Amino acid sequence: MTQDEIYEMAHQAGVKNEFNYDFRLSIEAFAKLIAAKEREACAKMVEDYMKETAIMEARGCLASVAYDIRARG
């Protein structure tokens, strides 16, 4: 996410502020925490699928997908 995207989403969510420097840092940090939490949830879901399949090639592929999701952070 870019800073502009973060600010636009905050605006769409109804955040009203002059966006002073400290507030911008807080919004950016909050957005990064949310994104990290969502990435981890997605990676865990992929790992759950991985545990449910008996096909070894599929397990390797799904493990790679989970790794790639986490690497985006």
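User: Which residues does Ala 31 touch, not counting residues up to four places away in sequence?

Analyst: This is a predicted model: local features need pLDDT of at least 70, side-chain atom pairs count only at pLDDT 80 or more, and totals for chains, interfaces and linings use all residues. Residues are numbered from 1 along each chain as its sequence is written, and side-chain values use heavy atoms, leaving out hydrogens and water. Contact means heavy atoms within 4.5 Å. Not counting residues up to four places away in sequence, Ala 31 touches Met 1 and Ile 6.

User: Which residues form the largest nonpolar core?

Analyst: A nonpolar core is a set of buried Ala, Val, Leu, Ile, Met, Phe, Trp, Tyr and Cys residues joined through side-chain atoms within 4.5 Å. Buried means under 20% relative accessible area, exposed over 50%, and partly exposed in between, with a 1.4 Å probe and protein chains only. The largest such core has 5 residues: Ile 6, Tyr 7, Ala 10, Ile 27 and Ala 31.

User: Which element gives the most to this core?

Analyst: Helices are DSSP runs of H or I with at least four residues, strands are E runs of at least two, and both are numbered from the N terminus. Two or more core residues come from each of helix H1 (3-12) and helix H2 (21-52). With 3 residues, the top contributor is H1.

User: How far from the ring centre of Tyr 7 is the charged end of Arg 24?

Analyst: A charge sits over a ring if NZ of Lys or CZ of Arg is within 6 Å of the ring centre and within 35 degrees of the ring normal. Arg 24 and Tyr 7 meet this rule. The distance to the centre is 4.6 Å.

User: Why does Glu 28 count as buried?

Analyst: Glu 28 belongs to helix H2. Beyond its neighbours within four places in sequence, Glu 28 contacts Gln 3, Ile 6 and Tyr 7. Glu 28 counts as buried because its relative accessibility is 10%.

User: Which residues are in contact with Thr 53, leaving aside its neighbours within four places in sequence?

Analyst: Thr 53 lies in the loop between H2 and helix H3 (56-71). Thr 53 counts as buried, at 16% relative accessibility. Leaving aside neighbours within four places in sequence, the contacts of Thr 53 are Ala 58, Arg 59 and Leu 62.

User: What separates the C-alpha atoms of Cys 42 and Ala 66?

Analyst: Cys 42 is a residue of helix H2. Its relative accessible area is 25%, so Cys 42 is partly exposed. Cys 42 and Ala 66 are 24 residues apart along the chain. Their C-alpha separation is 7.7 Å.

User: What separates the C-alpha atoms of Met 45 and Asn 20?

Analyst: Met 45 is placed in helix H2. Met 45 is partly exposed, with a relative accessible area of 42%. Along the chain, Met 45 and Asn 20 are 25 residues apart. Their C-alpha atoms are separated by 38 Å.

User: What does the C-alpha trace of the protein chain span along its principal axes?

Analyst: Of the 73 residues, 18% count as buried. Among contacts with a separation of 6 or more, 33% join residues 24 or more positions apart. The C-alpha trace spans about 55 × 20 × 15 Å.
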